[in-house]
Amino acid sequence: MVTTITDIRVPADQFPLGRILKEYPDIEIELERIVPTREEIIPLFWIESGSEREVEETLETDPLVEEISALTRTPDRILYSVNWSPEVDALVRTMVDLGVDVLTAEGTANFWEFRLQFADREQLSRFRRICQDEDIDIELLRVYNPQMPPETGPLSPEQRDALTAAYEEGYFDVPRGISQKDLADLVGISDNSMSQRLRRGTKVAVAELLYGTGRQHRSEDS
């Protein structure tokens, strides 16, 4: 049995958490994992601190949501859990029913991108057939077989600029010399974009430090 890993993209309105981003496009959501139980499906996801009121108000009025809880708070982010009703949308139900592992998932106001792990090619084929039958508009971006793509790679100019500004302005100091929002304003980008560039740039920089340049690299989007 050969594991298959894929990157897919779906319109935001076909994923329950995507509705939040439709209403509040500056909020960044990062799905941690999806936990199925007998009665419910529970997603765990991170949002940026300062956005919790909008998120909670939106989810509390969603007919799919039975309960929402804040689990963990950091200076920058909050980890939430949501109890979705069994009538959750077809995309999530298909992932759960087939036992597809959600490795990463991030959303924007327009679409969500998932990195999914399938037990084999047959499971991937079944997933695609069900999505087609349910009119789920998925775009298959990449297929990695049998291993995860390496996460190292050269920093993009945008990532380098974000990390340089963060370092020079004391973002990594304890206590911080500048907030992420003020750093984004200084660079001239949205808070959401700054968060992505810092996270992805830091990941690339750390991987490069640990593994060096002697392996195949893959660039991250800015």
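In helix α5, the residues Gln159, Ala162, Leu163, Ala165 and Ala166 are buried, where buried means under 20% relative accessible area, exposed over 50%, and partly exposed in between (1.4 Å probe, protein chains only). Seen down the axis of α5, these buried residues fall within an arc of 165°, so they line one face of the helix; the arc is that of the directions from the helix axis to the C-beta atoms. The face of α5 turned away from the buried side carries the exposed residues Pro157, Asp161, Tyr167 and Glu168. Helices (H or I, at least four residues) and strands (E, at least two) are DSSP runs, numbered from the N terminus.

The model is a predicted one, in which local features need pLDDT of at least 70 and side-chain atom pairs count only at pLDDT 80 or more, while totals for chains, interfaces and linings use all residues. Residues are numbered from 1 along each chain as its sequence is written, and side-chain values use heavy atoms, with hydrogens and water left out.

Two loops show particular backbone features. In the loop between α5 (157-168) and α6 (180-187) lies Pro175, which is joined to Val174 by a cis peptide bond with omega at about 0°. Asp135, placed in the loop between α4 (121-133) and β8 (139-144), has a positive phi of about 60° although it is not a glycine, and with 66% relative accessibility Asp135 counts as exposed.

The structure holds 12 salt bridges, a salt bridge being a side-chain nitrogen of Lys or Arg within 4 Å of a carboxyl oxygen of Asp or Glu. One of them is formed by the side chains of Arg115 and Asp7, at 2.7 Å from N to O; Arg115 lies in strand β7 (residues 111-118) and Asp7 in strand β1 (residues 4-11), so the pair ties together parts that are 108 residues apart in sequence. Both Arg115 and Asp7 are buried.

A further salt bridge is found between Arg77 and Glu30, whose closest N and O atoms are 2.9 Å apart, and this pair links distant parts of the chain, with Arg77 in strand β5 (residues 77-84) and Glu30 in strand β2 (residues 29-36), 47 residues apart. Arg77 is partly exposed, with a relative accessible area of 27%, whereas Glu30 is buried at 18%. In helix α6, the side chains of Asp185 and Lys181 meet in a salt bridge (3.4 Å, N to O), the two residues lying four residues apart, about one turn of the helix.
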